[in-house]
Amino acid sequence: MTHEVRGSASPSGAHVDAGSEAARGAKGPDELRREIERTRHELGDTVEELAGKMDVKARARARADELKDRAGAMSVQMRSSAAHAGEVGKQHRKQLMAAAGALVMMAVGAVVMVQRRHH
């Protein structure tokens, strides 16, 4: 989260946000306290965000965990696909065996034809 400060320097030399209540002249100490508290919260959020970006080890661990999770999910999906393929194979075993047999017969026939041409 970035915070842009707009406006000009105050008479004391400090920069103030042109849109804030302080720039327009606060109506009292309670409003100033609320403005200070809001600014502290924003600053705290910014510091936390920057600290998180600077923690390279934690970011690397988080990325590694994310990749492990994705790999695990892909592994489960692949096992499921393999199981499904096995079931389809069982259901169509006769057709697969017939097709494999036909391929073997064609290959043997091709080899025999090539050998006859050379003799």
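Reader: Buried means under 20% relative accessible area, exposed over 50%, and partly exposed in between, with a 1.4 Å probe and protein chains only. Which of these is Glu49?

Author: Glu49 is partly exposed, at a relative accessible area of 33%. This is a predicted model, where local features need pLDDT of at least 70 and side-chain atom pairs pLDDT 80 or more, while totals for chains, interfaces and linings use all residues. Numbering runs from 1 along each chain as its sequence is written, and side-chain values use heavy atoms, without hydrogens and water.

Reader: Thanks! What does Glu49 pair with in a salt bridge?

Author: Lys53, at 3.6 Å from N to O. A salt bridge here is a side-chain nitrogen of Lys or Arg within 4 Å of a carboxyl oxygen of Asp or Glu. Both residues sit in helix α2, four residues apart, or about one turn. Lys53 is partly exposed too, at 47%.

Reader: Which residues of α2 are buried?

Author: Glu31, Glu35 and Thr46.

Reader: How far does α2 reach?

Author: The helix covers residues 29-54, 26 residues in total, and spans 37 Å between its first and last C-alpha, close to the 38 Å expected. That expected span is 1.5 Å times one less than the number of residues.

Reader: Switching topic, what is the overall fold pattern?

Author: α-α-α-α, with four helices and zero strands. Helices (H or I, at least four residues) and strands (E, at least two) are DSSP runs numbered from the N terminus. Of the 119 residues, 5% count as buried.

Reader: Which residues form a nonpolar patch on the surface?

Author: Val104, Val108 and Val112, with about 230 Å² accessible together, by the Shrake-Rupley method with a 1.4 Å probe, only the protein chains shown counting as cover for residues. Patch members have over 30% relative accessible area and no salt bridge; like charges are joined within 9 Å, nonpolar side chains (Val, Leu, Ile, Met, Phe, Trp, Tyr) within 5 Å. Val108 lies in helix α4 (residues 93-118) and is partly exposed, at 45%.
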